[in-house]
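Please consider the following points on the structure shown below. They are set out by region and may be read alongside the coordinates.

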Amino acid sequence: MQQFTCPFCGLRNETEFHFAGEAGKIRPDTLNEVSAEQWSAYLNHVANPMGHSREVWVHLPCQEVFIMQRDTLTMAVLGVEQLRREPK
Amino acid sequence: MTKTYSAFNIIKEAFRGHKGWRPVWRSPKPKPEYQIIIIGGGGHGLATAYYLAKNHGIKNIAIVEKGWLGGGNTGRNTTAIRSNYFYPESCALYDLSVRLYEKLSIELNYNVMFSQRGMMMLYHSQAEMEMAARAMNAMLLGGTDARLLDAKEIKKRAPVLNFRDDARYPIHGALIQERGGTGRHDAVAWGYARAADALGVDIIQNCEVKDVILEGGVMRGVETSLGPIRASRFGAAIAGHSSRLAKMAGYSLPIQSYALQAFVSEPLKPVIDVVAFSAAYGAYFSQSDKGGLVIGGGLDRVPSYGQRGNMPMQEAVLSGLIEFAPALAKVKLMRHWAGIVDVTPDSSPLIGPSGVEGLYLNCGWGTGGFKAIPAGGYLFAHLLATGNHHPISRPFDPSRFQSARLIDEGAASGIAH
């Protein structure tokens, strides 16, 4: 069993985590005309890289959404980034 | 030299000390140019080359394969063949495959050991049985075969399953496709390879595509580990690695790669003669001719290109299996492996142009590529030869993601693929 690091809870079993998609996609600007191709690319197309990958993950028990960088071939975790901002 | 396989030729060769058998395909050096290059020497690539040569008369074809024939997902599946789908488009596609499989051993003169032992989907409540009746009606309308079984009939066909009253998921009934079953995965690859080679197709193994040669946005060749090879048309049948070629050629795909695991047990005396599937238990199994139980389940939850198994899904599948058929709890596993499958948002394949002129795609089969090999090859050959879709492959064009005419089998037939 591999373990991933939740920025809130720390190291937990991989089965507690949900892969939510590729990180860094930008939603089309709906103030302008958006073509079907642009919507489709945003909604469906993914880079699906072999090797270094930057992904959005959710830790299901605490619902923390965060970014994880992984190597999709070796399955090594290269780092996690917190998306949550601390309240002022 | 003996070329065809028959009882007569085996006897004839027996008298000559079996000295007349020859390797069944050549290992040619790549020519500098071909009419069509198929990237990927798995089942789909080999079948495509065979149907291009046979149905369309195109002989100047090369298949480039980075490893050995059928060493990817073709050699890593659970060999199930079925067409129990919901939408008419899917029934037409997968049933074409079953029909081609039915004639394949004779057509290729190579025994692919297609055993139509029945594909039995178990259901565990009255509500599930109503959904099964709906699925049966859809399959019958789609032109495939389907029948409902009650618990008594299931007990007769597969007594090894769990019929106890305290079972986690008691068996209420099943939907069976009698024409479904299993095949010999390696034989499918080797049979197509032998037949394609006999028609003049160059099968080039250990030849990895390193880059594509684009001229004015048109694909003209591939840079391989054996040097550049040019062609006027290209077909990619590379399953879980489709996104890597997309990156080289500059297009994108709605595909995420995952590992799918499977397991084989030690050989046993016959215990089951159908393919038994239960979505509730998250496991399915059949028994091979050698006696090993071939066990499969759902996808891994973490996207991956690593062709190896891991513990969480192994535990989920095997714990499901031993509740599904408790008598198998002490059976030992012999092998355990994973293949990299190409999952699309609607769990249906992509057949069509890539977006780069000259390059066409046959991918996105997800966890169900093996059963679709003959149809995938047949339809992809039609597309590569004519530049146009066969009516059966047209609904699976990648443009469906722009028009939103999805064929969502993941939701409709509830098959995790």
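This is a predicted model: local features need pLDDT of at least 70, side-chain atom pairs count only at pLDDT 80 or more; totals for chains, interfaces and linings use all residues.

1. Lys371(B) touches Ala80(B), Ile81(B), Arg82(B), Tyr94(B) and Ser97(B), leaving aside residues up to four places away in sequence; contact here requires C-beta atoms, placed from the backbone, that lie within 7 Å of each other. Lys371(B) lies in the loop between strand S18 (359-363) and H9 of chain B. With 27 C-beta neighbours inside 10 Å, Lys371(B) counts as buried. The terms are set as follows: buried stands for 20 or more other C-beta atoms within 10 Å of a residue's own, exposed for 12 or fewer, and partly exposed for the range in between, with C-beta atoms placed from the backbone.

2. Residues are numbered from 1 along each chain as its sequence is written, and chains are lettered from A and ligands numbered from 1 in the order in which they are written.

3. Helices (H or I, at least four residues) and strands (E, at least two) are DSSP runs, numbered from the N terminus. H9(B) has 14 residues and reaches 20 Å from its first C-alpha to its last, close to the 20 Å expected at 1.5 Å a residue; the expected span is 1.5 Å times one less than the number of residues. H9(B) is mostly covered, with 12 of its 14 residues buried. Among them are Ile373(B), Tyr378(B), Phe380(B), His382(B) and Leu384(B). Just after H9(B), Gly387(B) takes a positive phi of about 80 degrees.

4. Helix H4 (residues 126-141) of chain B has 16 residues and spans 23 Å from its first C-alpha to its last, close to the 22 Å expected at 1.5 Å a residue. Which residues of H4(B) are buried? They are Ala132(B), Ala135(B), Met136(B), Ala138(B) and Met139(B). These residues cover an arc of only 165 degrees around the axis, which puts them on the same side of H4(B); the arc is that of the directions from the helix axis to the C-beta atoms. The buried residues of H4(B) pack against helix H3 (88-108), strand S4 (119-123), strand S5 (147-150) and strand S6 (173-177) of chain B. The face turned away from the buried side carries the exposed residues Gln126(B), Ala127(B), Glu130(B), Asn137(B) and Leu141(B). Just after H4(B), Gly143(B) has a positive phi of about 90 degrees.

5. Two backbone angles deserve a check. Most residues other than glycine have a negative phi. Asn109(B), which is not a glycine, has a positive phi of about 50 degrees. Asn109(B) is found in the loop between H3 and S4 of chain B and is partly exposed, with 14 other C-beta atoms within 10 Å. Phi of Ser347(B) is near 60 degrees, again a positive value in a residue other than glycine. Ser347(B) sits in the loop between strand S16 (333-343) and strand S17 (350-353) of chain B, and counts as buried with 24 C-beta neighbours inside 10 Å.

6. Strand S1 (residues 33-39) of chain B is mostly covered, five of its seven residues being buried. S1(B) pairs in the parallel sense with strand S11 (residues 227-236) of chain B over six bridges; two strands pair if DSSP finds at least two bridges between them. Tyr34(B) stands opposite Ala231(B) in S11(B). Four bridges also join S1(B) to strand S2 (residues 61-64) of chain B, and this pair runs parallel. Here Ile38(B) stands opposite Ile63(B) in S2(B).

7. In chain A, four strands form an open antiparallel sheet in the order S3-S4-S5-S6. Strand S3 (17-22) and strand S6 (77-82) of chain A stand at the edges, each with a single partner strand, so one side of each is left without a neighbour in the sheet. S3(A) and strand S4 (residues 52-59) of chain A pair in the antiparallel sense over five bridges, and the bridge partner of Phe17(A) in S4(A) is His59(A).

Methods
Two residues are in contact if their C-beta atoms, placed from the backbone, lie within 7 Å.
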